[in-house]
Structures are given as C-alpha cells and as structure tokens.
Amino acid sequence: SLLPGIVRTRQGAPAPNRRKRMCMSPSAQLKKGEPGPLTVPWGFAAQLEARPPPGCGWFSVADMLRRTAYSLGLFYYSLATQPLTFSRFALQYNRLWFGGAAGTAMTLLLPATPALLAAVAWGKRLRDYLLPQPGDDWKMAGPGRIWFLPPPSTLASIVYDALTPLADYVAAFVLFGDDPDGVEHTWYDAICKKEYWCGLLDAADARRPLQLGAWDGAALHDVSRGVESGGCDLVCKISDSYLGIGDRVFKRGVDFVTRGEVEDELRADPLYAGKPAVLCEIVSPSASLEVSSDGYGPVHSLDILTLRTGEGAKVLSVVLWTDCTTWSSHSAAAGYLVDVETETIVAPTAWYAPYFASMQAPLVGQRVPGAREACLKAMAAHDASELEWLTCVGWDAMITDEGPTFFEGNVAAYRTPRRMALSLSLADGFRSWMATRGKRSAAA
C-alpha cells in the first residue's frame with residue numbers, strides 16, 4: 001500500500017501564513033546529491049538530476065517513450081544475461097497475473113512480452129471505453145488513486161498504458177529474480193501484512209502508533225490498554241489492504257464510546273467481513289514542523305525507500321508528501337525529494353506521477369528535522385527482515401513531537417518502477433545492482 005497517512009489535521013481553518021524559512025548554512029551543506037553513508041551511491045543523485053526530454057515536460061509523449069525505452073532495455077538485458085532465471089520468473093508471473101493457460105502461452109512467447117503486455121493494456125482501455133466497469137481497477141479503488149492517474153494527453157496516456165505493466169514486470173524481476181514469494185507479493189501480500197511490518201519496526205525500536213484493538217474478521221479484541229482507553233481517535237486499517245482502501249476513522253465521543261460500538265460498525269461493513277484489521281491511535285504531526293505550503297495544514301508523510309546492498313539496507317530515496325487536504329497523506333498535492341544527510345528539501349518530485357507534473361515547489365530549501373533519524377530506523381527495520389527476496393521496502397512515516405513515527409512498510413514492487421525507468425543512470429544502476437540483488441559479501 002502507499003502512504004497510509006495515519007495522521008490528523010489540526011482543528012479549524014487552514015494554517016495561516018506563519019512560515020519562517022530554515023535553510024542550511026553554506027558550511028553545513030553538502031553538495032546536492034552527494035552520496036552519504038546512509039544512501040545508495042548511484043540512487044539519490046540520479047533522481048535529483050533527472051530532467052524531462054529537451055523541450056518537453058514530464059509525462060509528455062516523449063517522456064513516456066523514453067521511459068519505455070529504458071524498460072525495454074532492462075527487459076532484454078535480463079533476458080540475454082539471465083535467460084533461465086528470467087524464464088522461471090516469467091512463468092510464475094504470467095500464470096499469476098494472466099491465468100494458467102494464458103500465462104504459459106505468454107511465457108512461450110517471452111521475447112514478445114512487451115508487445116503482449118501493451119496489447120492487453122490497450123484492450124482493457126478499449127473495453128473500458130466501450131463497456132465501462134466501475135471499480136474494476138484496483139489502482140483507482142481507493143484514495144491513493146492520485147499516484148496512478150494517467151497523463152492528461154490522450155496520446156501520452158496510450159503510451160503510459162503500455163509502459164506501466166512493462167515497468168512493473170521488469171522491476172519485479174530486477175528486485176525478486178525468480179523467488180516465488182517475491183513474485184506472489186506483486187499480487188497479494190501473503191507474508192508482508194501490517195502485523196509483519198510492526199514486528200520489524202519493533203525490532204528496530206522505531207516509534208509507531210499504539211495499537212488498541214485487533215479485528216479478526218468477525219469480532220473485535222482489545223490490545224494493550226484497549227479500545228476504550230485514552231483520549232485519541234482511532235484509525236482502522238485492513239491488514240492486507242493498500243492505497244487507503246477500507247481505512248476507517250472512529251472519533252472518540254462522536255462515533256464511539258465503548259468497544260462494542262466500534263465492533264458493531266465493523267460487523268456492518270462488508271469490507272471487513274472475514275478480513276483481519278488493526279486499530280491504532282491517531283497521532284498528530286509535530287506542532288513545530290513547517291513542511292507544507294501556505295494554506296495547508298501540517299499533515300504529511302515521509303516515503304522512505306530502502307534497498308538491500310552488500311553493506312546492509314541503504315536509502316534509495318526520501319520523498320516528502322505534503323500539502324494535504326484531508327486527514328490522510330493520500331490527499332497530497334505536492335511531493336519533494338529530501339536529502340538524507342542535510343535533512344533539506346532539495347527538489348520537487350514532478351517526475352513521480354502525472355498528478356504532480358505541474359506542481360509548484362515553494363518548499364525547496366526548507367528543513368525536515370528528524371528525516372535522518374527516520375532513515376536510520378527504516379534501514380534497521382529492513383535489516384531485521386530474514387526474507388532474502390525482500391530487497392526493497394517503502395516505509396511510511398511522519399514527524400511528530402516525539403520524533404519520527406512509522407505506520408508500516410510496503411513491498412516496493414510498485415514504487416521502484418517509477419525510479420527504475422526515470423533516467424538512463426538509474427536504469428543502469430539497477431542493472432548493475434541486479435547482479436547480486438544486494439546479497440551480503442562474505443567479508444561483510
């Protein structure tokens with residue numbers, strides 16, 4: 001899932017214009033994108049230096065064609081250099097996503113896979129145009145749809161439709177190889193559910209919202225102090241859900257007073273029938289942190305991507321999602337790259353998704369105190385995992401008055417393609433990394 005946003009906005013009107021710019025002094029600043037001890041050496045600088053094709057914007061036809069070319073290059077490089085591993089991966093992936101017979105047939109035509117994926121995507125586009133089927137696309141089913149909206153240009157969106165499944169396909173192989181569990185997690189998080197991420201975060205001694213209840217699909221059970229304790233509102237999240245689908249907020253004293261009232265609400269919700277879920281306290285962003293544009297409240301999220309390397313997990317990127325219009329960061333209107341070492345906003349992420357392509361960037365130069373500590377905790381949590389195939393994780397966190405607070409991790413199968421196909425240097429970085437997929441050396 002992307003950015004759970006277990007946060008609440010301050011009550012009342014949007015925050016007034018009270019910002020005091022906090023920029024690093026020249027003596028304290030590192031060169032932008034300079035590799036530090038916490039970062040993947042070839043990763044951050046390449047994202048910072050990425051530019052759209054000359055004379056074109058992000059998510060223009062030219063940009064979509066260029067990203068497609070990088071994905072095609074990685075596809076055929078993988079096929080040429082790891083033919084047996086790639087074939088085993090393809091058979092598993094194709095059968096999982098397209099069914100046994102069709103998936104097997106696609107694998108027999110492996111070199112033509114990019115064209116077949118494009119044909120499937122364009123066929124779906126035509127079907128949706130002629131026979132619309134609301135709710136058929138999981139990417140559009142929740143508040144996190146903003147990360148998957150297509151480009152406004154019809155021609156660019158046609159290329160985008162072909163690029164997206166190809167980039168996801170290639171990224172899955174680059175990250176997981178032919179590991180069955182890794183491939184399965186492109187479809188369903190059988191292992192890495194919310195409870196699993198909580199265990200890793202606890203192993204890293206990272207802060208996370210206090211869990212007060214557990215829904216087993218039919219009944220609500222108290223955890224720790226219990227649902228009725230404390231004064232905070234509660235957020236309920238389905239254990240294997242994503243993109244905010246099914247999230248519910250229960251306001252204390254308004255929606256519930258007793259545990260039974262929450263239980264009755266969940267029993268009446270068909271989304272929760274037979275689905276385990278966790279209920280946690282809602283936590284608030286730091287009162288002193290100013291990481292949103294004028295007119296917006298303090299809701300934000302840090303999207304930290306960690307990649308396994310021979311030296312342990314390191315940070316591939318940190319994105320601040322901000323300028324939110326609801327309690328959740330799924331309503332973000334802006335995203336920024338944050339430099340890990342200086343904790344400074346250094347560039348907008350207009351390249352991340354079409355929704356952000358025309359965003360303004362008034363926060364460049366602003367500091368995000370606590371971002372480095374959050375990265376250290378994310379790295380430690382990733383290192384605590386014994387799953388060899390779990391090579392890249394997206395961590396969602398927020399800066400509170402107590403410091404960075406984490407909500408969960410996510411298998412980064414759908415965050416990584418946005419970077420892998422962004423530029424030639426990033427595609428080449430992942431190509432080189434794929435030779436070992438981050439396995440520790442004997443010396444390490």
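Contact here means heavy atoms within 4.5 Å. The model is predicted. Its pLDDT averages 89 over the protein, and 89% of the residues score at least 70. Residues 1-29 have a pLDDT below 50. Beyond near neighbours in sequence, this stretch has 93 contacts in the model. Where pLDDT is low, the predicted coordinates should not be read in detail.

Helix α4 spans residues 100-108. Gly-103, Met-106 and Thr-107 of this helix are buried. Seen down the axis of α4, the buried residues fall within an arc of 100°, so they line one face of the helix. That buried set packs against two helices, α3 (83-98) and α5 (113-130). The face of α4 turned away from the buried side carries Ala-101 and Leu-108, both exposed.

Backbone geometry was examined next. Most residues other than glycine have a negative phi. Asp-323 has a positive value, with phi near 55°. Asp-323 sits in the loop that links β7 (312-322) and β8 (334-339). Its relative accessibility is 6%. The cut-off for a buried residue is under 20%, so Asp-323 counts as buried.

Arg-437 also has a positive phi, near 50°. This residue is located in the segment after α12 (424-433). The relative accessible area of Arg-437 is 15%, and Arg-437 is therefore buried.

Key
Residues are numbered from 1 along each chain as its sequence is written. This is a predicted model: local features need pLDDT of at least 70, side-chain atom pairs count only at pLDDT 80 or more; totals for chains, interfaces and linings use all residues. Side-chain values use heavy atoms; hydrogens and water are left out. Buried means under 20% relative accessible area, exposed over 50%, partly exposed in between (1.4 Å probe, protein chains only). Helices (H or I, at least four residues) and strands (E, at least two) are DSSP runs, numbered from the N terminus. The arc is that of the directions from the helix axis to the C-beta atoms. pLDDT is the predictor's confidence in each residue, from 0 to 100.
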